[in-house]
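Here's a protein model to explore together. Have a look at the picture first, and then we'll walk through some of its parts.

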Amino acid sequence: MNTTAESSALHAEIVGMLYANNRRSLMAAIVVMIALLLVQWHLIDHAILAVWSSIFLVAYGIRTYLTYQYEKDQQRELHSRQWLQWFRASTCFCGLAWGLGGILLFPEADTAHQAFLIFALVGVSGAGIIIYSVDTLSTNLFSGGIVLFMIPRFLIHGSSVSLALAVLFMVYVFYVTVAGRSLATSLRENISLRIASNLDNKKVHQLAYYDFLTGLPNRRLLTDRLNQAFARCVRHQSYGAVLCLDLNNFKGLNDSKGHQAGDELLQQVAFRLQQCLRKKDTIARMGGDEFIAVLDELSTDKAEAITAAQTTAEKMMAVFSQPFELQNSKYRTAPSIGICLFLGDLLKEDEVLRRADIAMYQAKKSDNLNSIQMYDEAVHPAVEMRATLENELAFALQGKQFLLYYQVQVNELQQPTGAEVLLRWQHPTLGMIPPDQFIPIAEETGEIVSIGQWVLAQACAQLKHWSQSAATAKLKLSVNVSAIQFSQPDFVQMVKETVLASGCDAKYLRLELTESLIVKNIDEVIEKINALKALGITFSLDDFGIGQSSLSVLKRLPLDELKIDRSFIKDIVHNNYDSFIVQTIINMGKNLSHSVIAEGVEMQQQMAMLQNMGCHSFQGYLFSRPLPLQEFEASLQAAISGDDKPSSTSSARKVLHRRLN
């Protein structure tokens, strides 16, 4: 046998065969016993017959009782070794009973009856050898018990005929034993092949319908169970529910402790979840750290069904109250759970699962991470749109759907000094998608890395192109860098290769970082900034004032520019608090030897106040909206040439024309 499972299955089946044969051999043994008693009745003392009959009935009575108890045992496969030992003991007892018959029922003066006794015992012995052949020890114990008592009796007190018959009996026993062993070997092989085939089928079924790690049903089996639940709910007009459970910060565990710890956690979570559900409910693993529970026939009343589903979700949440033991250390985690109710066939399987997933996603977005959320129709359109954008975003770069817009940056004389590169997504069917809708998704999915690399390459190529004209050669381009993109191990190398490949002058490239980036791993941030500043690249701190960076951090950073966030510029004319903050930022920039630029400037009064405070660089709608490259260059050309004639461009571009003159 190749595996312990196959060996155990073979052993259990052999024991089952031995006990099954007991029922068939019992009646035959009783018939032979009665025949011997009737034939020897007038030759053997009745007291001796009574003694032998009693021994015989006790032996076979014990065997009958053992067979009865074996069949009652619901876990007899697990106890097969104990049952085999008992069977062998009873077989030995039965063999000895027949052997005693060879002594006690032996008529010394009657050769014909001696021959009859030998033939009876030969038949019993041969039948026993064949019946018990699957277990060699049982065969030897049974036939040995007969031979042990019978042969000496025949050799000492038998006639020449009975002696010859005894010798033939021994030859017969030997031959049948050899044949029985051959039969047993063949039988064992056949059983082994069948068991191996059954185990292989079970393995295939296990792999097809169960998760290999946790042993829970997988998506295929979940589909079947869910459809069964639909059918029962239709039949009884009752509500069921699907619960979608996802562990919080599971990726962090894998990253910090390794995938083995993650696997251990999933196995323990699976075990705990199974314990808190009803037997008729299903808990399945969908992959990763996501589990799905199907609650069948909760109630015919919707309110009661909702309460029952929420109660079950709370039980599932409660199993996370105790820490998990992972690699000899304790680990705490908790899930977010989404619930979708269903009634019969009103919703398809995919739709129910999708709605439960939507509810789970809403639970994750809530302030309380470890929350339970019922599916809400009101949030469906927004989640649908997000799912659509997430799917479409993966193909947007390849499909050349991204555009770059440029918003001019000017000095205190309103002369263009450069521009900020702004990303736009022109979807073929959804139209122009605002950055605040797709940038967060790109960061969550990691698509921002490849998108950011494309933006940087386009910006460097544009700088190279502008360098060929004296009018645009001194313009700087500011490119926003995502924290996800900046944290990539190869970020510095990627930027260097992109700049060198474009042939642009790196001193006209400015990378804008956010405060959320610099408050983490400050030493690594400084190292990367210095490595790129060696090329001539400058750095700006974007949206300054709304983050959490401290003065101690700021003074260490080798920055070149602070960009005042538009939220402080908006009410600077009417809000003394905002004006105080802006003045503080400008003074801080001067003290740190950083230039300062204000974004979101929309009114002349704002610009005037900023100039009085000491700010000399500006960006905002007062000068121009973000424009596509062709319009932006046209506006620059018009401003540089002094063309103030009416144009077909937008009013914002006309403002830019006037301001640039």
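Are helix 21 and helix 22 roughly parallel, roughly perpendicular or oblique to each other? Keep in mind that we're looking at a predicted model. The axes of helix 21 (residues 576-591) and helix 22 (residues 604-613) come within 10 Å and cross at roughly 45°. Angles under 35 degrees count as roughly parallel and those from 65 to 115 as roughly perpendicular, so helix 21 and helix 22 are oblique to each other. The crossing of helix 21 past helix 22 is right-handed. On the helix 21 side, the contact uses Ser-579, Val-582, Gln-583, Ile-586 and Lys-590, while helix 22 brings Met-609, Leu-610 and Met-613. Sorted by class, the residues of this contact are five nonpolar, two polar and one charged.

Now compare that with another pair, helix 2 (residues 46-72) and helix 3 (residues 80-104). Their axes also come within 10 Å, but cross at roughly 165°. Since angles over 145 degrees count as roughly antiparallel, helix 2 and helix 3 are therefore roughly antiparallel to each other. Helix 2 goes past helix 3 in a left-handed crossing. The contact of helix 2 with helix 3 counts 19 nonpolar residues, four polar and one charged.

Here are the two pairs side by side:

| Helix pair | Axis crossing angle | Axes come within |
|---|---|---|
| Helix 21 and helix 22 | roughly 45° | 10 Å |
| Helix 2 and helix 3 | roughly 165° | 10 Å |

Let's zoom out to the whole chain. It has 24 helices and 17 strands. Of its 661 residues, 47% are buried. If you take contacts between residues at least 6 apart in sequence, 69% of them join residues at least 24 apart.

What about the inside? In soluble globular proteins, nonpolar side chains tend to be buried together. The largest nonpolar core here has 77 residues, and Leu-509, Ile-537, Val-582, Val-601 and Leu-610 are among those with the most contacts inside it. Helix 14 (residues 447-466) gives the most to this core, with eight residues. There's also a second, separate core of 36 residues, which includes Leu-253, Leu-266, Val-269 and Leu-295.

Skipping residues up to four places away in sequence, its contacts include Ile-569, Met-607, Leu-610, Phe-618, Tyr-621 and Phe-623.

Next, find Glu-599, which sits in strand 15 (residues 595-599). Is Glu-599 buried or exposed? Its relative accessibility is 4%, so Glu-599 counts as buried. Not counting residues up to four places away in sequence, Glu-599 touches Asp-542, Asp-543, Lys-563, Ile-564, Asp-565, Arg-566, Ile-569 and Gln-619.

Last stop: Val-573, in the loop between helix 20 (566-569) and helix 21. With 30% relative accessibility, Val-573 counts as partly exposed. Apart from neighbours within four places in sequence, Val-573 is in contact with Met-603, Gln-605, Gln-606 and Met-609.

Notes: Residues numbered from 1 in each chain as written. Predicted model: local features only at pLDDT ≥ 70, side-chain atom pairs only at ≥ 80, totals over all residues. Heavy atoms only, no water. Core = buried A, V, L, I, M, F, W, Y, C linked by side-chain atoms within 4.5 Å. Buried < 20%, exposed > 50% of the residue type's maximum accessible area, 1.4 Å probe, protein only. Helix = DSSP H or I, 4+ residues; strand = E, 2+ residues; numbered from the N terminus. Contact = heavy atoms within 4.5 Å. Axes fitted to C-alpha atoms, helices over the stretch in contact; angles between N-to-C directions. Left-handed = near helix turned anticlockwise from the far one by under 90°. Nonpolar A, V, L, I, M, F, W, Y, C, P; charged D, E, K, R; others polar.
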